[in-house]
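Here is a friendly note for anyone opening this structure for the first time. Please keep the view at hand while you read.

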Amino acid sequence: MVLGILLALPALAGAALLVSGRRADTVAAPLAVAVAVLLVGLGVAAAVTAPTLPVAALPSIGVAFAVDGLAAVGVTTVTAVFAAVAVFSVGDLGPNQARARYHGFLLLFASAMLATVTAVDLLGLLVAWEVMGAVSYALIAYWWRDPARGRSAAVAFLTTRTADLGMYLAAGAALAGGAAALELAALPGLGGAWRDAAVAGLLVAALGKSAQLPFSFWLSRAMAGPTPVSALLHSATMVAAGGYLLLRVHPALAATGWAASASAWIGVLTALLMGAVAYVQRDLKQLLAASTCSQLGFVVLAAGVGALGGGALQFAAHAAAKSLLFLSAGAWLTTLGTQDLRELRGAARRRPLVGAVFSVGALAVGGLPPLAVWVAKDEVLAAALAASGALYAAGLAASAVSAAYAARALVAVWSAPAPRSEAGRVPASERIPLPVLAAAAAGLGVVALPPLAAWWRGLLGQEGAASPGVGEMVVSGTLAVAVLVAVAWAHGDRSPAPLRAAARARPRWSREWLWLERAARTGAVAPVLAVSRALATFDDRVLAAGVGSGAAAGVRLARLAGARIEPRLDGAVRAVASGLRSAGRWARRPQTGLLHQYYVQAVAAMAFLAVLLVLLVLLG
């Protein structure tokens, strides 16, 4: 019952707003906030009671949703972040914006993500995955009258759709392999080839949704949507869904013997390289977008090395910190009208509350002790160290890069402000959720401290998992602090000009997101378009021309037949008819009705028969 309401309530409310259109603009925001508050309570209730919701679907194939330890983390995180975004959105949209459409899609988005985190089989997961992808396109293209935003939404949608084909491959392989009701828990028991195909499909789909390498570039395009959408999309919903899915199917990854290693290395390389991309960005939202790829790389790494406790904590802690950072950026965008880091100099001094909570979020994603992300990363790195020293070293380097881009953002917003006119106040609805998210970003790490650590690992079935030693935590914490201080000094106003210029250098490879979009256009889009054009040409010049020529030949043949053949046929038919009419007339002649003529005919016939009989006898 609780789980059914949790999934259905936002879906029904969102559908009602979308159907109502602009007539519901005045009630859209209050309705969305009310539903969001209810969802927080329902999410907590579902996490405590662990309900199951079977749904009748196809014959012999059931669909079910359930809340276990991992899903409990998912539903509480999604509902809490959605509530913060819904409250913030009240003051973020302008008076003439289509609020019913915005909040309607936002509610549908939340419902799809809740279904994703509670789905226990591939059929339910596939439906939720598709709805989430479609609604994300509508949200990113919210200002659809702007062609540039529409193109960006299309790039993001088509990129994730390409990766989503993996989900269909996974469902098909699982069905062919005989997985009972396509349950995710049954994937490790599939036959070798079907299991590998299913896991490969899920891995590709998850990497695409979570903007991991090589799909990361679509997240830059997703910045075209409203800032609260970015906050929800990047922190607790679609982008986080891929990492969450890999945590969910970790037993299947491990069963293949290759997918877990692939997940771990892709995750850590994404964390490292996209962290470098984040560091050189001049647009705050672009910096946060690249850092989302980097931070979720640790979740993907956790799935590869089996650190479910650390991965789930990273999922929740990053959701709190990243939604806080995006909403803070949205508040500055509302009041200062810019998201350019050079124009945001001194923004934190102008708006101390926003500056303070933004600092908490930035220090959290930077891995500063004792904030939550630092604890989560150390949990993941401990498992990485148990798996491979090289993996641990790469992960540690990625955490250092996280501190670097966090420091760069902090230096920009805390620098001496540039002269500019005073801007407006941050609306109250935008201020309310920020301290709550800051508290979560700072304090969630307590679940890794004794005795809560035992409860946390028991919740996720990780009682015997590797835990970070004191030395490892000291190393990672010291590294984060050192990098933060070094980058802050290098970018600070009092640092030497040459050093400041060198620190602000922007290598082209990182400025252009590793040329990933260009590579996709060159390696995938251009060949597909070339093949499409070739097929269109073949269709126009061969198939269509052949059909046209055949039709023309048919017309000419018909005309020839009409001119030459048909008159002869008509003459032959008329001749046959004339002959038959003549035969009929000859046949009617003996029928005179005169008895003596019949006798003469009979005598003639008898004479003929007699002569014939005599001839037969004589010849015989």
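The numbered points below go from the whole chain to single residues.

1. Before you start: this is a predicted model, in which local features need pLDDT of at least 70 and side-chain atom pairs count only at pLDDT 80 or more, while totals for chains, interfaces and linings use all residues. Residues are numbered from 1 along each chain as its sequence is written, and side-chain values use heavy atoms, with hydrogens and water left out.

2. Overall form. The protein chain has 26 helices and 2 strands (DSSP runs numbered from the N terminus: H or I of at least four residues for helices, E of at least two for strands). Its radius of gyration is 38 Å, well over the 25 Å that the globule rule gives for 620 residues, so the chain is more spread out than a compact globule. That radius is taken over C-alpha atoms, and the rule is 2.2 Å times the number of residues to the power 0.38. Along the principal axes, the C-alpha atoms fill a box of roughly 145 × 55 × 50 Å.

3. Cover and contacts. Of the 620 residues, 50% count as buried (under 20% relative accessible area; exposed is over 50%, partly exposed in between, with a 1.4 Å probe and protein chains only). The chain exposes about 26300 Å², with carbon and sulfur atoms supplying 70% of it (Shrake-Rupley method, 1.4 Å probe; for residues, only the protein chains shown count as cover). Among contacts between residues at least 6 apart in sequence, 80% join residues at least 24 apart; contact means heavy atoms within 4.5 Å.

4. Helix H17. How far apart are the end C-alpha atoms of helix H17? They are 23 Å apart, which agrees with the 22 Å that its 16 residues (372-387) should span at 1.5 Å a residue; the expected span is 1.5 Å times one less than the number of residues. H17 is mostly covered, with 13 of its 16 residues buried. In the loop between helix H16 (352-365) and H17 you will find Pro 370, and the peptide bond from Pro 369 to Pro 370 is cis, with omega near 0°.

5. Most residues other than glycine have a negative phi, and most peptide bonds are trans. Leu 213 and Pro 214 are joined by a cis peptide bond with omega of about 5°, and Pro 214 sits in the loop between helix H7 (192-209) and helix H8 (218-221). Leu 514 is not a glycine, yet has a positive phi of about 60°; Trp 515 also has a positive value, near 55°. Leu 514 lies in the loop between H24 and helix H25 (516-588), and Trp 515 lies in the loop between H24 and H25. Leu 514 counts as buried at 18% relative accessibility, whereas Trp 515 is partly exposed at 33%.

6. A nonpolar patch. Which residues form a nonpolar patch on the surface? They are Trp 265, Leu 269, Leu 273, Trp 509 and Trp 515, with about 430 Å² of accessible area together. Patches are made of residues with over 30% relative accessible area and no salt bridge; like charges are joined within 9 Å, and nonpolar side chains (Val, Leu, Ile, Met, Phe, Trp, Tyr) within 5 Å. Helix H12 (residues 259-280) gives the most, with 3 residues. Trp 509, in helix H24 (residues 508-511), is partly exposed at 35% relative accessible area.

7. Salt bridges. The whole structure has 13, each a side-chain nitrogen of Lys or Arg within 4 Å of a carboxyl oxygen of Asp or Glu. In one of them, Arg 161 meets Glu 130 at 2.7 Å, N to O. This pair links distant parts of the chain, with Arg 161 in helix H6 (residues 147-177) and Glu 130 in helix H5 (residues 122-140), 31 residues apart. Another joins Glu 512 and Arg 518, with the closest N and O atoms 3.1 Å apart. Salt bridges that share partners join Glu 130, Arg 161, Asp 164 and Lys 209 into one network.

8. A buried histidine. His 318, in helix H14 (residues 308-336), is buried, with a relative accessible area of 1%. Leaving aside residues up to four places away in sequence, His 318 touches several residues, among them His 234, Thr 292 and Val 373.
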